[in-house]
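Trainee: I am new to this structure. Could you walk me through it?
Mentor: Gladly, let us look together.

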Amino acid sequence: MTTQLTEPAAPARRLGARARTAVTVAAVVLLAGSTAGYALHAGNRPAGQQAVGNASFALAGPALYFRDAATGRVAHQPLTATSGGAERTAGGPVCDRFHAAGGTALCLRAEPGVLPKTYAVVLDRQLREVSRTTVPGVPTRARVSASGQMLAWTVFATGDSYSTTGFSTRTAVLDLRTGYLVKSLEEMPLTMDGVRYHSPDVNYWGVSFARDDSRFYATVSTKGRTHLVEGNLSDWSARTLRENVECPSLSPDNTRVAFKKKVSDDPAAPWRLYVLDLRTMTETALAETRGVDDQAAWTDDGTVAYALPGADGRASDVWTVPADGTGAPRMSVAGGSSPVAVADAVSGADGALASRQADTGSVHQRWQIS
């Protein structure tokens, strides 16, 4: 098998030099045929997989997109809709986890088996498949930056729940403008309490990108504790900010982080939702008192959405709650998960992914495997 890695000419943006070095090493491992690595598929889809996307079902706002629990497909409804379902529009791609922003969507699809794997599928504004990455593990978290140009996903490498102590995660970051794939954030140097931290049990999950497409927030777990970290892809570094923070989600104005905090050893309800003000480092408990095992999503600067186990036999429902600790939870979607608010089209967003492909070559074109 001959494998060629092609560099796009004059890309609009690159990761920092240290990040590029790490990605180059990861690429060498991949191209050498490592069975533990990821593979970007060019051309044919895996056997038995249907095309992802529906030409009549596109990203358009303002609307709340989510995974329909009954069908496994992405659906959407107006942000102001109630949980009755009458205003729901179905027919999107089949996904286990879904997120979208800036005219780009990320769909994680599980492929069960003795060795489970996940397809991380990049979709354009029309929800047509652009590229696909095969990842060993079970899908759990997906995020797209506000610009639609940075994507992150997390899979369970072992175990299948954050409530167990025997799990391990792998979190990858893909830059669509250059095609650089960081297959594991664990390679990023971590500073804890001002000191460079080394430990073989470091796990990252739950990435949330800032508007500059370089800074991000995520969870780091080590020695049985979780930490909020602030990372920077440009200088390839991360530092811990606060303990007992999981699955952070940065507010649209980039000033606060919604997260789940462990408040109990009861496996039925170990977490509660909080919001952390990054300027003052003060946290506020939200009015949702039930245990939330999800990465919350901001529908606007004042509201967060999240999934909870469903009522009446449904797998899950989507709820919203004010982000300032006031008010009360409200069910927004009966039978849904992976909520994400899609705003009105912004200048330059329509066709942004297609334009990036025309300028730099698609991810498929850059990773040519024959």
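Mentor: In this predicted model, Asp 312 sits in the loop between β24 (303-309) and β25 (316-322). Its phi is near 55 degrees, a positive value in a residue other than glycine.

Trainee: What can you tell me about Asp 193?
Mentor: Asp 193 is not a glycine, yet has a positive phi of about 55 degrees. The loop between β13 (190-192) and β14 (195-197) holds Asp 193. With a relative accessibility of 72%, Asp 193 counts as exposed, because the cut-off is over 50%.

Trainee: What kind of peptide bond joins Gly 61 and Pro 62, and how do you know?
Mentor: The bond is cis, with omega about 0 degrees. Pro 62 belongs to the loop between β2 (39-41) and β3 (63-68).

Trainee: Now to the largest pocket: how much space lies in it?
Mentor: About 710 Å³. Its lining has 33 residues, and those closest to the centre include Ala 100, Ala 146 and Pro 252.

Trainee: Which strand gives the most to that lining?
Mentor: That is β23, with four residues. Strands that each supply at least two residues include β5 (97-101) and β27 (336-342).

Trainee: What makes up the lining by class?
Mentor: There are 19 nonpolar, nine polar and five charged residues. Ala and Pro count as nonpolar, so Ala 101 and Ala 341, also among the closest to the centre, fall in the nonpolar class.

How values were computed:
Residues numbered from 1 in each chain as written. Predicted model: local features only at pLDDT ≥ 70, side-chain atom pairs only at ≥ 80, totals over all residues. Heavy atoms only, no water. 1 Å grid on protein atoms, 1.4 Å probe; cavity = no way out; pocket = protein on both sides within 12 Å on 5 of 7 lines; lining within 4 Å. Points joined across faces, edges and corners; volume = space filled by probe spheres on them. Buried < 20%, exposed > 50% of the residue type's maximum accessible area, 1.4 Å probe, protein only.
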